[in-house]
Amino acid sequence: MIGFLHPWVLAGLAAAAVPILLHLLARREPPTVVFPAVRYLVTTTREHQRRLKLQNWLLLLLRTLLVAALVLAAAGPTVPVSGVPGHAPSALVLIVDNSPSSGAVVGGTPQLRQLIAAGRQVMARSTPEDALWLVTADGIPRRGDRATLTELLNSLKVSPRRLELGAAITLASDLLASEPRPGEIVLLTDLQASALSPAAPSAPLLVGRPAVAPPLNVGLGAIETGTQPWSSDGGRVSVTLVGDSGRQVPVTARLADRPGRQALGQAGASVSFSVPGRTSGWWPLTAELDPDEFRLDDRRVTAVRIAPVARVAWDTTSRFVAAAAEVLAANRRIARGQEVTAGGLGPGSSVVQPPADPAELGALNRALAARGINWSYGTLTTELAFTDSGAVVGRQSVIRRYTLQSTGSGRTGVLATVNGAPWIARDGRVVLLGSRLDPAWTDLPVSAGFMPFMDVLLNRLARGEAALEHGAPGDPVILPGLVTEVRQGQRDWRVEGGGQFQPPDQGVYYLLAGRDTVGAVSVNPDSRESRLARATDGQARRLWQGARLVPLEEAGDAAFSYASRGDLRGPLLWVALLVGMMEVGLASAWRRRP
Amino acid sequence: MNSTGVPTGRARLDLLDPLEVSKLGGLELITEGVVEGFLSGLHRSPRRGFSVEFAEHRMYQPGDELRYVDWKILGRNDRLYVKQYEEETNLRAMVVFDISRSMAWTGSPSTVLPKLEYARRLIAALALVLIRQRDATGLITFDDDVRSVTPPRARLSHWRQLLATLSRSEAGQGTAASPALQRVVGQLRRRGLVVFISDLLLDRTLALKALRFLRHRGHQVLVLHIMDPAEVSLAGPNEARFEDPESRSAVVLRPRDWAGAYRETVRVVVSEWRLSCRRHGISYHRVTTDTPFGIVLREALAPPSRPA
């Protein structure tokens, strides 16, 4: 399809009518000359009339062509051609997939280095008239000239962030949507199968992928530390291995700077460790593999909370609360005491459930207000609903519930919701439950998750702590309402409770409320990155219609020429020159001898 | 300079530009000058009649043919004299002159005489030469019909009558040569000379038929095809409507586009006339109106070529 850089110039095609107009104007009545030998003229014209008419039409055609060729050249036409050394001014989005998997060493070279080399070749083919963008795993499109983007390419590192290839292509299509120049998307990637997602590229898509197969890999997929807090006796750690290799590898788990525990494991299986405890506090727990071709998934971190169990006074009239408390006490997860009141509002930390008798609700709300709690119970709702999944509680059905009303300035402290409405809320060390822990109100007491829920509720939430969160680099994490600061190593960020936080890279991020550490976010690369298996070209073409896949080494040559649009200005100017020369030549020759 | 004031001798009018010559005086005056110049350039009688008679002696001049040297005088006086002869007056010539409207045209009035004016002077000179040779000379003028007929006479006074007729002849209308040529038959009872002077913008077939008839009657026929230089090479404005002054037919064209083809057409037309005339023993000369009269007279009065 022919395109134009300056389509408005096409209005000048009207000028092509100038020779025709001149021809018509020139047909006006000429002056009369008396000439006796008209009979000779008649004889002459009779013999040459047809040829002269043909010549005149040919000259008219040449002149019209000349004007049209010049106007078209000025409009900057481009057509899809391949194999031309130059290219028309284009808009090109270069996507370099520097996601964690690009850190795999293939053939002795990090995959990313090959991607960067191919990217430099693409940039080398660009001209100052091209519009260029660079998109990497961080998802931020950067526009610049060739030198700037080449410099960016050279400084590119393996990102801990995962890159959804379909999303990146869609982003590139959006960038090109407003460009008048013919666009092209060049994706340089290891074509990891797990990174493929559907996209409908709006411009020709060139995919450069390595020709060599990736190595078989085993990585750490997840690390579980069980119910927390741990006692000073320690706890159990479960490490899940992922990847596409079947070989067994040694896994080491280490709590802070203690000597590690080792075990053998293989992809698809989990390895458990018994880790001795330490003194109370938040401790980093690290699981590691021996180095292989893909280092980024050889280490995984999380945080462990070690603290004495909560001393709880529970409501014996609440059957399920009492039963759970006794089980937790029997397992030494809680102890009898007055630190936490379970089932009603006590003098200290409390887990409050609504009263069975609605007549007592007013007194409870007044008592909450008297304690300065910014939450109170509202109206009773009796319809089947489900909790929204979160770190505190999984998906549970809720039959009866009171609405939790915030009497403060916001909705900080929401720990769990039902249909988006607060269902568990906390203010300070008082936790309000929207439903009674009774099967007549919710299925939670009779579910498998009830005991871990009660453990977290009594040991952590009621004591002002947050649940342990997990995330990936760059992915936003919703912070608990009481958090004021996030700290990782020597770095710290001032935050607002209830807001989002994007951890930049792998590590343990501690959540602080004032000077107290109330929780942690363990941030590790997406476990899908460990599966280095590459998608086939056919799979990619099915997901991205019209995509052209080439080896990385050929991407530089294929860029711009792939469905490239050849600049027709030069050829058109040559045509104009040739037509002009033909016109002059024929006109002079025929003038001498019509 | 002769008695009439017309330069002769060194300044030979017969070889000057016709337009310049025409500015020197009236028809009679310049014609005499032209003929004087023309005759002075000849070493012998321009035309041979059926017999010649002695006229006078004159001093020998280098270049004179030795056969005319009078050896008796040389023997008596030891001086070289040559005998001069005059042709006997027994040739009857008839000039048929086209005075149609097309003859009144010139492509460049400032530099070239109209064909009619040029032909007038040429006929006057030709008639004078013939009459001086004692040849009876007549004149027929015509356009689309015969306009005047002057029977052939050999007296010098007749030449002046011819001049008067020529002076009176104005450009007429169309061109029809056949009636005029047929009138010649009545004027030339014996075999004679017919000089047909025209721009030949006429029906060639009819004209040739009439000329062939004259030739068939034993007359010697001479065709002088008068052309303006602008009729030989086409020129004009960027585009023009070219109109025939006689038929009013017109053609619109761009001269620069057609100049070459037109030149070729003229060449073909002249060639056809020349070939047709030669085929029937007719002398044909193309004369452009910028050609000095002397050159035309020399060509026209040269011994006739043999019929093909």
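Student: Where is the place of B:Asp78?

Tutor: B:Asp78 sits in the loop between α3 (71-77) and β2 (81-87) of chain B; helices (H or I, at least four residues) and strands (E, at least two) are DSSP runs, numbered from the N terminus. Before we go on: this is a predicted model, where local features need pLDDT of at least 70, side-chain atom pairs count only at pLDDT 80 or more, and totals for chains, interfaces and linings use all residues. Residues are numbered from 1 along each chain as its sequence is written, while chains are lettered from A and ligands numbered from 1 in the order in which they are written.

Student: Got it. What about the phi of B:Asp78?

Tutor: The phi of B:Asp78 is positive, about 60°, although B:Asp78 is not a glycine. Most residues other than glycine have a negative phi.

Student: Is B:Asp78 buried or exposed?

Tutor: B:Asp78 counts as exposed because it has 7 C-beta neighbours inside 10 Å. The cut-offs are 20 or more other C-beta atoms within 10 Å for buried, 12 or fewer for exposed, and partly exposed in between, with C-beta atoms placed from the backbone.

Student: And B:Leu200, buried or exposed?

Tutor: B:Leu200 is buried, with 24 other C-beta atoms within 10 Å. B:Leu200 has a positive phi of about 60° and is not a glycine, and it lies in the loop between β6 (193-198) and α7 (204-216) of chain B.

Student: New topic, the two chains. How many residues are in contact?

Tutor: 23 residues of chain A are in contact with 28 residues of chain B; contact means C-beta atoms, placed from the backbone, within 7 Å. On the chain A side, α2(A) gives the most, with ten residues.

Student: What is that side like by class?

Tutor: The side of chain A that touches chain B has 14 nonpolar, five polar and four charged residues. Here Ala, Val, Leu, Ile, Met, Phe, Trp, Tyr, Cys and Pro count as nonpolar, Asp, Glu, Lys and Arg as charged, and the others, Gly among them, as polar.

Student: Which strand of chain B does β2(A) pair with?

Tutor: β2(A) pairs with strand β8 (residues 240-243) of chain B, in the parallel sense over three bridges. Pairing requires that DSSP finds at least two bridges between the strands. A:Val33 has B:Phe242 as its bridge partner.

Student: Now helices in chain B. How do α4(B) and α5(B) cross?

Tutor: The axes of α4 (residues 115-132) and α5 (residues 156-168) of chain B come within 10 Å and cross at roughly 170°. Axes are lines fitted to C-alpha atoms, for helices over the stretch in contact, and angles run from 0 to 180 degrees between N-to-C directions. α4(B) and α5(B) are therefore roughly antiparallel to each other, a label for angles over 145 degrees.

Student: Which residues make the contact?

Tutor: Among them are B:Ile123 and B:Leu128 of α4(B) and B:Trp159 and B:Leu162 of α5(B). By class, the contact has ten nonpolar, one polar and one charged residues.

Student: Last one: in which order do the strands of the four-stranded sheet in chain A run?

Tutor: The order is β14-β13-β16-β17, an open sheet with antiparallel pairing. β14 (261-266) and β17 (299-306) of chain A stand at the edges with a single partner strand each, so one side of each has no neighbour in the sheet. The twist averages 25° from one strand to the next.

Methods
Contact = placed C-beta atoms within 7 Å. Parallel < 35°, antiparallel > 145°, perpendicular 65-115°, else oblique.
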